[in-house]
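Dear colleague,

Please find the structure below, handed over for your use.

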Amino acid sequence: MLICIEGIDGSGKSTLAQKLAQSLQDAGRSVVLTKEPGGSKLGKQLREILQTQPVPINPISEFLLFAADRAQHVNEVIKPALAAGKVVITDRMGDSSLVYQGYGRGIDKKNILLVNDWALQGITPDLTLYVKIDGTIAAQRVKNRGSLSAFEKEHAVFVERLITGFNEIYADRKNVITLDGTQSPEELSLTAGKAIDQWINQQNL
Ligand code: TYD
């Protein structure tokens, strides 16, 4: 099973990913916790470039670097883990490009979907957890973390475009659970755990 966690920076999704991986492991499942960008060796180098870009790079180049990370991640990490029967939890995947590069940077979403499909080679999340949060609260959390990545330095209007994007793409998508990101990390992982159990029961997995 492939579970993807999505949301804006400061939504609490990375902590949620860690807590979920831990609780699934405690329940006896074999879990791989991974992320985009940076889930593979090549991806770690791409992540460094993308997070520390001193001057903004062209949005299409930016997307293609995320797509390169994605193709490597799927082949090196996700496919082998799924083939070995593991539960894979990924902190971001293709939807982040649709939202950050499509809604945020304004590049053609059709091309993003096309290249994402190519990079993902038929691998799509069985379940997506969308951690929804207000831009102001998320910005405050990000600020409290200290040093900011290139994306975290973006202005509030950019973040509002991301929120619109996530809300729009998940409005009528199946297999998406929307979670309230204002909850404490403990509450969030409890709610998510319950929602996943319910979802698994519904699917008869
Ligand atoms: P993330 O790993 O969430 O940041 P961190 O671990 O530093 O909190 O993601 C890195 C940044 O990259 C994040 O700001 C979102 C951005 N991003 C995109 O713009 N497009 C993408 O396709 C992905 C996967 C991430």
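In what follows, a residue is called buried when its relative accessible area is under 20%, exposed when it is over 50%, and partly exposed in between (1.4 Å probe, protein chains only). Please note that this is a predicted model, in which local features need pLDDT of at least 70 and side-chain atom pairs count only at pLDDT 80 or more, while totals for chains, interfaces and linings use all residues. Residues are numbered from 1 along each chain as its sequence is written, and side-chain values use heavy atoms, with hydrogens and water left out.

Helices (H or I, at least four residues) and strands (E, at least two) are DSSP runs, numbered from the N terminus. On that basis, Arg92 belongs to the loop between strand 3 (87-91) and helix 4 (94-104). Arg92 counts as buried, at 9% relative accessibility. Its phi is near 80°, a positive value in a residue other than glycine. For context, most residues other than glycine have a negative phi, and most peptide bonds are trans.

A salt bridge is taken here as a side-chain nitrogen of Lys or Arg within 4 Å of a carboxyl oxygen of Asp or Glu. The structure holds nine salt bridges. In one of them, the side chains of Arg92 and Glu6 meet at 3.9 Å, N to O. This pair links distant parts of the chain, with Arg92 in the loop between strand 3 and helix 4 and Glu6 in strand 1, 86 residues apart. Glu6 is buried, with a relative accessible area of 0%.

Arg92 also forms a salt bridge with Asp9 (3.5 Å, N to O). Asp9 lies in the loop between strand 1 and helix 1 (13-26) and Arg92 in the loop between strand 3 and helix 4, so this pair ties together parts that are 83 residues apart in sequence. Asp9 is partly exposed, with a relative accessible area of 21%.

Because Arg173 lies in the loop between helix 7 (156-170) and strand 5 (176-180) and Asp95 in helix 4, the pair ties together parts that are 78 residues apart in sequence. Arg173 is partly exposed at 34% relative accessibility, whereas Asp95 is buried, with a relative accessible area of 14%.

**Helix 3**

Helix 3 (residues 59-83) has 25 residues and reaches 34 Å from its first C-alpha to its last, close to the 36 Å expected at 1.5 Å a residue; the expected span is 1.5 Å times one less than the number of residues. A kink of about 45° is centred on Val74, the bend at a residue being the angle between axes fitted to the seven residues ending there and the seven starting there.

At the start of helix 3, a side-chain oxygen of Asn58 comes to within 2.8 Å of the backbone nitrogen of Ile60. Helix 3 is followed by Gly85, whose phi is positive, near 80°.

The buried residues of helix 3 include Glu62, Phe66, Asp69, His73 and Val77. Contact means heavy atoms within 4.5 Å. The buried residues of helix 3 pack against elements including strand 1 (2-6), helix 2, strand 3 and helix 5.

Asp69 is buried yet has no salt bridge; the nearest side chain of opposite charge, Arg70, is 5.6 Å away. In this count, Lys and Arg are positive and Asp and Glu negative, while His and the chain ends are not counted. Leaving aside neighbours within four places in sequence, Asp69 is in contact with Glu36, Pro37, Gly38, Gly39, Gly43 and Leu46.

**Backbone features in two other loops**

Glu36 and Pro37 are joined by a cis peptide bond, with omega about -5°. Pro37 is placed in the loop between strand 2 (31-35) and helix 2 (41-51).

Gln121 has a positive phi of about 45° although it is not a glycine. Gln121 lies in the loop between helix 5 (109-120) and strand 4 (127-132), and counts as partly exposed at 40% relative accessibility.

**Ser189**

Ser189 lies in helix 8 (residues 185-203) and is buried, with a relative accessible area of 17%. Not counting residues up to four places away in sequence, Ser189 touches Leu16, Lys19 and Leu20. The C-alpha atoms of Ser189 and Gly12, 177 residues apart along the chain, are separated by 9.9 Å.

With kind regards

Key: Polar contact = N/O pair within 3.5 Å; in protein donor to acceptor, adjacent residues only side chain to side chain.
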